[in-house]
Amino acid sequence: MSANPSPSLSALTQSIAATAPMDIIFIEGFTGSTVIGIHESELHEPQPLRVDLHAGLPRSRACDTDRIGDTIDYSVVRERLHKLFAQHRVQLLEALAEAIAEMLVCEFGAQWVRVVVAKPKKFNDLDAVGVAIERRPGDFDAAPLRQRGSRVLSLIGEGMVPGR
């Protein structure tokens, strides 16, 4: 056995994917208000948050086709962020950043994301506090998504079966 075992094909593929050129679609300075936090003073009134996100696609087809359908439409991402701010039920910025990252990967097909979520007015003597995360598709478990989907189909199916 050699002292330097060769890397597995999967490891090589991941290494190549990690270094492949990416087109980065970004939104910087998205601001919105939402109820988030763990302290009593944060649990009742919305507070401002700032989000910066970068979503990578391997050389987007839009470079050749000039069609918005071949890339990530940042106007749609912006709309989804507003909806997420209105509907989420998380307390920590980490969990909100994770939800944003999962949305970008699972709904928009990003192959890499960096999400920064900040509370710009948390403390008077600081510009902001927050969290930055990076994720790739393999970081999200598809099983819960499949289970939710099959449960929805099951419920729809129950109403469609004659005699029930």
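Thr34 touches Glu45, Pro46, Gln47, Leu49, Phe85 and His88, leaving aside residues up to four places away in sequence; contact here means heavy atoms within 4.5 Å. Keep in mind that this is a predicted model, where local features need pLDDT of at least 70, side-chain atom pairs count only at pLDDT 80 or more, and totals for chains, interfaces and linings use all residues. Residues are numbered from 1 along each chain as its sequence is written, and side-chain values use heavy atoms, with hydrogens and water left out.

So where does Thr34 sit? Thr34 is found in strand β1, residues 22-34 (strands are DSSP runs of E, at least two residues, and helices are runs of H or I, at least four, numbered from the N terminus). Thr34 counts as buried because its relative accessibility is 4% (buried is under 20% relative accessible area, exposed over 50%, partly exposed in between, with a 1.4 Å probe and protein chains only).

Two of those neighbours also show up in polar terms. The side chains of Thr34 and His88 are joined by a polar contact of 2.7 Å (a pair of N or O atoms within 3.5 Å; within protein, one must be able to donate a hydrogen and the other to accept it, and residues adjacent in sequence count only if both atoms are side-chain atoms). A polar atom of the Thr34 side chain also lies 2.8 Å from the backbone oxygen of Phe85.

Phe85 leads us on to the rings. Searching the whole structure turns up one aromatic pair (rings of Phe, Tyr and Trp, the last by its six-membered ring, with centres within 6.5 Å; planes under 30 degrees apart are stacked, over 60 edge-to-face, the rest tilted). The ring centres of Phe30 and Phe85 are 5.4 Å apart with planes at 85°, so this pair is edge-to-face. Phe30 lies in strand β1 and Phe85 in helix α3 (residues 74-87), so the pair ties together parts 55 residues apart in sequence. Phe30 is buried at 7% relative accessible area, and Phe85 is buried at 5%.
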